[in-house]
Structure formats: C-alpha cells, structure tokens
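Student: I would like to learn how to read a protein model feature by feature. Could we go through one together?

Tutor: Gladly; here it is.

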Amino acid sequence: KGLTGTLFHELGELKFLQVLNLEENKLGGEIPLEVANMWSLEELYIGDNNFEGTIPTEMGQMNSLTVLDVHTNSLSGTVPLNIYNISTLKYLNMTRNFFEGTISSNVAHLVLLEKLDLSFNFFTGVVPVDVLRISRLKELILQSNEFTGSIPLPKKSTYFQDYPKQLTRLIFGDNKFESSIPNTIEKLSGLKEIRIDNNRLTGVIPTQLGRLKQLTMLSLSYNELKSSIPSELKNLKNLSRVYLHGNQLTGNAD
C-alpha cells in the first residue's frame with residue numbers, strides 16, 4: 001500500500017511471475033499492454049487504484065490467467081472480445097469502473113468461470129442467456145448498469161442440457177430489465193440469493209420460486225409485478241429476507 005505513479009512497461013519481462021497483487025494503492029495511468037507478455041501470470045489484482053483508459057486487447061493472450069480483478073478504478077471502454085478467449089479464467093471482477101457497451105455471447109467461452117462481477121458500470125443492451133452455459137458459475141453480479149430486455153434466463157427448460165447448479169447469487173438490481181420472470185428460474189436449484197429489485201419486471205411472481213429450497217434472500221421490490229404473492233414461498237424454510245414492496249401485489253409472504 002502507498003504506491004504511486006504508473007506501471008512500468010518492463011513488467012512484461014517478468015515472464016515467470018505467477019501472482020501480481022497491487023490492490024489498494026494510488027497507482028494510475030493506463031494498463032501497459034506489455035502486461036500481456038507475462039505468460040505465466042495466473043492472478044492479477046489491481047483493484048482500488050486510479051487506473052484509467054481501456055483494457056488492452058493483448059491481455060486476451062494471457063492463457064494462464066485465472067483471476068483478473070480490476071475493481072474500483074476509472075477504467076472505461078468496452079470489454080475486449082479477446083478477454084473471452086481466456087478459457088482459464090475463474091474470477092472476473094470489473095465492478096465500479098466506467099465500462100460501457102454490451103456483453104458478448106462469447107462470455108460462454110469462459111467455461112471455468114466461477115464469479116462474474118460487472119456491477120456499477122455503464123453496460124447496456126441485452127445480457128446473453130448464454131452466460132448460463134457456464135456450468136461452474138457461482139456468482140453472477142450485474143447490479144447498477146443499464147441492461148435492458150429480458151433477464152438472462154431461457155423461456156424453455158430444454159434450452160440447456162445442464163444449468164449451473166452451483167450458482168448461488170443472482171444480483172441484477174438497479175437496471176432496466178423489462179421482462180417477466182421465466183418459470184425456468186427453478187432450474188437454478190442452488191440459488192441462495194436473488195436480487196432483481198429496481199427494474200421494470202412485469203407479470204406475476206412465478207410459483208416455481210417455491211422450489212428453490214436453498215433460497216435465503218429474495219428481493220423483487222420496485223418493479224411492475226402484479227397479482228398475489230404465491231403461497232409456495234412459504235415452503236422455503238431457509239428464506240429469511242423477502243423484499244416485494246413497490247409492486248402491485250396482494251397478500252403477504254409470512
């Protein structure tokens with residue numbers, strides 16, 4: 001901690017370094033493209049600094065990288081398509097920056113990914129449903145962006161052969177999703193936390209939510225949901241926090 005200045009281009013000469021952690025400093029400037037020459041690097045942490053500019057497209061060549069954490073900087077631009085070629089990635093954290101643009105369906109190429117956090121940016125467009133092809137995904141955090149269209153769940157349960165059963169957190173709050181909640185949400189049987197508050201969801205709360213036995217938190221407040229609160233929610237013995245206010249619902253979840 002306490003480091004200032006910029007990253008030197010000679011970093012690329014550290015070809016056998018496996019972990020680089022520069023979090024919580026006052027480093028700034030752009031990420032030098034020479035970082036991509038660190039062929040052995042497995043974990044890169046540069047969060048909580050003052051980096052700006054874009055993610056170098058050359059970083060898509062870092063075929064050993066398992067962790068890319070750039071949270072809480074002033075980075076901008078779009079996610080380079082090459083990033084989706086890093087099939088070794090398990091953890092991608094880009095929260096609290098100024099990223100924009102859409103999310104490519106190529107995100108499904110990140111077959112080992114366990115956590116994807118794109119929250120608190122300026123991403124737009126429709127989130128590709130293919131993100132749920134990532135069978136090892138545990139956390140999908142898209143909060144506080146400008147995403148529109150349907151939430152990324154297929155309408156038909158047969159769309160995927162396998163769903164990510166390890167997925168525990170679905171965090172979509174503070175966006176502009178404007179679909180109903182598909183019945184296929186029951187296929188995400190490992191879910192413990194669902195937050196889709198402050199969106200434009202319509203329709204009813206699907207009774208299939210009552211089959212998510214691991215669920216501990218459900219937040220659907222401030223949407224345009226109608227009809228009655230399904231009694232099936234009472235079957236969820238682990239459910240301790242329910243937020244449904246700001247809709248046009250009748251009944252209660254007690």
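Student: Which residues does T184 touch, not counting residues up to four places away in sequence?

Tutor: A contact means heavy atoms within 4.5 Å. By that rule T184 touches L153, P154, K155, K156, S157 and Y163. Before we go on, a word on the source: this is a predicted model, where local features need pLDDT of at least 70, side-chain atom pairs count only at pLDDT 80 or more, and totals for chains, interfaces and linings use all residues. Residues are numbered from 1 along each chain as its sequence is written, and side-chain values use heavy atoms, with hydrogens and water left out.

Student: Is T184 buried or exposed?

Tutor: Buried means under 20% relative accessible area, exposed over 50%, and partly exposed in between, with a 1.4 Å probe and protein chains only. T184 has 4% relative accessibility, so it counts as buried. T184 sits in the loop between β15 (176-177) and β16. Across the chain, buried residues make up 50% of the 254 residues.

Student: How many helices and strands does the chain have?

Tutor: Both are DSSP runs numbered from the N terminus: helices are H or I with at least four residues, strands are E with at least two. Here there are zero helices and 20 strands. The radius of gyration, taken over C-alpha atoms, is compared with a globule rule of 2.2 Å times the number of residues to the power 0.38. The chain's value is 20 Å, close to the 18 Å from the rule for 254 residues, so the chain is as compact as a globular protein of that length.

Student: What is the order of the strands in the open sheet of ten?

Tutor: Strands of a sheet pair through backbone hydrogen bonds, either parallel or antiparallel. Two strands count as paired if DSSP finds at least two bridges between them. The order is β2-β4-β6-β8-β10-β12-β14-β16-β17-β19, with parallel pairing. At the edges stand β2 (19-21) and β19 (241-243), each with a single partner strand, so one side of each has no neighbour in the sheet.

Student: How many bridges join β16 to β17?

Tutor: Three bridges link β16 (residues 193-195) with β17 (residues 217-219), and the two run parallel. In this pair I194 stands opposite L218 of β17.

Student: Which strand pairs with β7?

Tutor: β7 (residues 74-77) pairs with β9 (residues 98-101) in the parallel sense over two bridges, and S76 has F98 in β9 as its bridge partner. Two bridges also join β9 to β11 (residues 122-126), again running parallel, with G101 opposite F123 in β11.
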